[in-house]
Amino acid sequence: MLAYKVVMVGDFGVGKTSLVKRFIDNSFSEEYLSTIGVSISKKDLNNSTIMLWDIEGHTEFKPIFKQYLLGAKGFIIVADITRQNTIDSIKNHITLCHNVIPDAPICIALNKNDLDYNISDTDIEKLSTLSVSILNILKTSAKDGDAVNEIFGSLDEFIVKSLGTTSCKT
Amino acid sequence: MQNITKLICSKNKISYIVFNKEFQTLDYNNTIENIIDKPSSLKVGIDVREVMWEIIGIEENILALLNAQTEETIIHFPMILKENEYYDLDIETFISSKGEKLFIAYVIQRAKESLSYVSMIKEINKKTLLYESQIQNSKEQYCDLINQRLLNFNVDMDGFITLVNNAFLYFFDLSNEKIIGQHFSKFFKARDLNLNANATVIFNAKNLKDEVISFHANIIPVTKDSIIYENIIICQDITYLKQIEEELKFAAGHDSLTGLPNRSLLLEKIDNTIEISKKNHTLFCICFIDLNKFKPVNDNYGHHAGDMLLKHIAKILSDFVRKGDIVARIGGDEFIILFNSLNSKEDIDIMQERLNHLPKKHPLIYSKEDLIYFDFSIGIATYPDDANDTHSLIQIADKMMYRNKKSRV
């Protein structure tokens with residue numbers, strides 16, 4: 001089975017771990033526990049195995065450790081749809097991802113869709129102009145499960161198609 | 001693998017696993033079993049990626065170490081979380097005793113000091129997030145306050161909207177696309193739809209709760225080379241002024257103690273009733289009510305008890321009359337009931353009889369100890385038999401009441 005690495009990138013507190021938890025074991029916790037370092041999870045899909053690197057979020061004082069991005073076949077950049085500053089950071093996250101893995105496919109999750117937010121659909125559409133490598137931008141909710149499987153599924157479909165049988169097998 | 005390396009690893013509690021360029025496991029020490037992902041699968045010969053998920057994806061980077069294609073001599077992943085413990089992973093090359101270039105992955109458990117650092121960072125992040133959300137909330141509250149009061153939009157010279165502020169979007173809960181290009185009259189109703197520069201107009205619009213909100217709108221012209229090409233319209237919510245107006249209107253026609261219509265409103269109502277009765281040839285009467293011995297209530301129990309008694313009477317009279325009848329307080333202890341549309345004079349007698357029994361049935365329970373009994377005198381004037389104008393009807397009813405009072409006292 002194809003096995004590949006996907007890294008969750010984003011500012012701290014945007015819900016990267018919650019999205020992984022919802023995707024891996026369909027669970028959610030209201031409690032916020034900041035991820036320090038990296039936690040690796042595995043999920044077997046139909047034709048592939050996805051290794052999810054849930055890394056420490058970017059903060060004002062601590063940049064993302066580039067080494068964690070090494071060898072990723074795709075990225076999920078997560079922003080908090082209720083915090084504009086985390087949406088503004090998406091551009092920098094894309095640059096960081098492509099510095100390590102040029103042209104790697106990216107999905108953008110605007111998470112916490114279950115809360116009230118102000119960003120308009122037009123502004124969301126504008127995000128797609130940030131890079132040609134962006135596969136899709138979805139409003140997700142780790143709490144309700146909205147679009148969580150879709151975002152991981154679409155990235156998986158793209159990667160599996162592009163890797164074909166050339167990838168490593170485990 | 002050199003025995004000396006094994007010894008150092010064992011002494012320093014460093015776990016390791018050795019593999020070749022085909023990623024086949026060649027050697028490992030026992031402590032690695034506590035750290036790897038699938039310990040039951042671990043044996044010499046298996047693909048190292050089955051037990052070390054960190055390696056998946058970085059195969060090329062690892063092989064590059066072997067071929068000296070990179071300046072890096074080591075791949076370092078710090079702070080990998082496994083089962084609530086943190087580990088650092090270092091992958092590097094070494095030459096075996098047989099002269100073969102192999103890889104060794106060292107897994108080093110983080111010292112406890114690192115864990116206290118982790119807790120501290122977690123706490124900082126938690127507080128920062130809370131702080132950010134509080135700022136966000138206060139910003140939203142501030143915005144809400146402005147949004148409730150001030151809507152701005154620009155219109156071209158034909159009244160089509162060219163620009164709106166967030167307050168506008170917030171009020172109508174619409175996106176820019178659904179507003180821009182629309183005529184402003186789609187959103188606001190006004191007596192005059194002509195927007196004259198520097199004028200002020202009153203707009204009405206329905207909010208999301210379907211309430212009509214009134215706005216005072218200022219029209220500010222935007223000019224270029226002395227030619228007006230657009231108008232900015234600033235709308236301020238003045239619904240509260242309308243509410244004040246309604247309150248004042250109510251206060252002008254009602255008694256502040258009992259909430260009943262006052263003399264002025266009653267006169268208006270009787271005038272209207274006369275008009276209707278004239279047209280329909282119907283009968284109505286007014287009943288003048290005056291409290292007997294009200295002064296002793298004030299003297300014995302105080303003015304508060306007197307006020308309570310008046311409120312109490314207002315309540316029992318209001319409960320007594322039919323829908324459409326009017327109870328008014330016209331002076332200190334004087335009330336008038338306007339009984340609309342009566343069928344016959346017998347109705348008046350029955351009503352008077354029942355009215356006379358009310359005080360006995362409903363004394364005022366002022367306190368646990370004080371039960372205040374009261375009594376009133378009644379005088380009735382009937383339209384059109386006794387008089388056919390308001391003033392005369394009241395005068396006659398008053399006289400009748402006075403006569404009855406004299407006979408009682």
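Author: Helices (H or I, at least four residues) and strands (E, at least two) are DSSP runs, numbered from the N terminus. On that basis chain B holds eleven helices and 17 strands. The model is a predicted one, in which local features need pLDDT of at least 70 and side-chain atom pairs count only at pLDDT 80 or more, while totals for chains, interfaces and linings use all residues. Residues are numbered from 1 along each chain as its sequence is written, and chains are lettered from A and ligands numbered from 1 in the order in which they are written.

I turn to the interface. Two residues are in contact if their C-beta atoms, placed from the backbone, lie within 7 Å. By this criterion, 29 residues from chain A and 27 residues from chain B take part. On the chain B side, the elements that give two or more residues are helix H2 (59-66), strand S3 (74-82) and helix H3 (112-149). H3(B) supplies the largest share of that side, eight residues. The chain B side divides into twelve nonpolar, seven polar and eight charged residues; here Ala, Val, Leu, Ile, Met, Phe, Trp, Tyr, Cys and Pro count as nonpolar, Asp, Glu, Lys and Arg as charged, and the others, Gly among them, as polar.

Strand pairing also links the chains. Two strands pair if DSSP finds at least two bridges between them. Strand S2 (residues 38-44) of chain A pairs with S3(B) in the parallel sense over two bridges, and A:Val38 stands opposite B:Ile80 in S3(B).

S2(A) leads in turn to strand S3 of chain A: a hairpin joins S2(A) to S3(A) through three residues. These two strands pair in the antiparallel sense over seven bridges, with A:Met51 in S3(A) as the bridge partner of A:Lys42. S3(A) also pairs with strand S1 (residues 2-10) of chain A, in the parallel sense and over seven bridges; in that pairing A:Met8 stands opposite A:Asp54.

Burial comes next. A residue is buried if 20 or more other C-beta atoms lie within 10 Å of its own, exposed if 12 or fewer, and partly exposed in between, with C-beta atoms placed from the backbone. S3(A) (residues 48-55) is largely enclosed by the rest of the structure, because six of its eight residues are buried. In chain B, 24% of the 409 residues count as buried.

A nonpolar core is a set of buried Ala, Val, Leu, Ile, Met, Phe, Trp, Tyr and Cys residues joined through C-beta atoms within 7 Å. The largest such core has 77 residues, of which A:Val7, A:Met8, A:Ile76, A:Ile77 and B:Ala105 touch the most other members. S1(A) gives the most to this core, with seven residues. Leaving aside neighbours within four places in sequence, A:Ile76 is in contact with A:Val6, A:Met8, A:Cys107, A:Ala109, A:Ile151 and A:Leu155. Another core, of 34 residues, lies apart from the largest one and includes B:Val327, B:Leu338, B:Met351 and B:Met401.

Chain B also contains an open sheet of six strands in the order S7-S6-S11-S10-S9-S8, with antiparallel pairing. Its edge strands, S7 (161-164) and S8 (189-190), each pair on one side only. Within this sheet, S10(B) (residues 212-224) and S11(B) (residues 227-237) are joined by ten bridges, and B:Ala217 has B:Cys235 in S11(B) as its bridge partner.
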